[in-house]
Amino acid sequence: MQALPRDHHGLAGGRLRGGGLGGGEVVRAAELQKLRAAGLVAYESEHGPGPQDKKVYHLTPEGRRALRGWVTEPPRERPERDELVLKAYASWLAEPGMVRRMFAEQRAAHEERLAEYERHEASFGGPPALGDPRFGNYATLLCGLGYERHRIEWCRWMLSRLDEDA
């Protein structure tokens, strides 16, 4: 079931929609078409903000069954490709001041994202119950909070090392 959405922020209640933390689309148009061709999603047209109607996708009963099975499959292994980690690995080649500026900018970006995620977390009023469609949103948010905190700490460590060596 590889064509299912990667970002589940918009799956509350079985509707596929934009939104969530990043404000992006849940799935790309090509992926939606594959899901629709497989009978896993359907859509309804709603009046949009512009001249064209917007399509609001929802899971079909078959799509809900497929999603239910996919959720419990082990995730596929993917090679880790973290560009910032690669840059840290090769940072000995660069001018330290420029490396420091890059890590300071990254720390600031992660601090902004963390603040956004913390505001979003506060809007939940506590973790939803497991059967609540928002449970997945909250679980994903907690993962994002941990990631941002980790990145901030790592950027701080890099900055302290760069400051020691200056």
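Helices, taken as H or I runs of at least four residues, and strands, taken as E runs of at least two, are DSSP runs numbered from the N terminus. On this basis the chain of the predicted model has five helices and three strands, and its elements follow one another from the N terminus in the order β-α-β-β-α-α-α-α.

Over the chain as a whole, which comprises 166 residues, 30% of the residues count as buried. Where contacts between residues at least 6 apart in sequence are considered, 52% of them join residues at least 24 apart.

Helix α4, spanning residues 96-124, packs with helix α5, spanning residues 134-164, at an angle of about 155°, and the axes of the two helices lie 8 Å apart. Because angles over 145 degrees count as roughly antiparallel, α4 and α5 are therefore described as roughly antiparallel to each other. The crossing of α4 and α5 is left-handed, and the residues of the contact between these helices comprise 18 nonpolar, five polar and twelve charged.

Within helix α4 lies F103, a residue with a relative accessible area of 0%. Since buried means under 20% relative accessible area, F103 is therefore classed as buried. When residues up to four places away in sequence are not counted, F103 touches L84, A88, W154, C155, M158 and L159.

Conventions:
Residues numbered from 1 in each chain as written. Predicted model: local features only at pLDDT ≥ 70, side-chain atom pairs only at ≥ 80, totals over all residues. Heavy atoms only, no water. Axes fitted to C-alpha atoms, helices over the stretch in contact; angles between N-to-C directions. Parallel < 35°, antiparallel > 145°, perpendicular 65-115°, else oblique. Left-handed = near helix turned anticlockwise from the far one by under 90°. Nonpolar A, V, L, I, M, F, W, Y, C, P; charged D, E, K, R; others polar. Buried < 20%, exposed > 50% of the residue type's maximum accessible area, 1.4 Å probe, protein only. Contact = heavy atoms within 4.5 Å.
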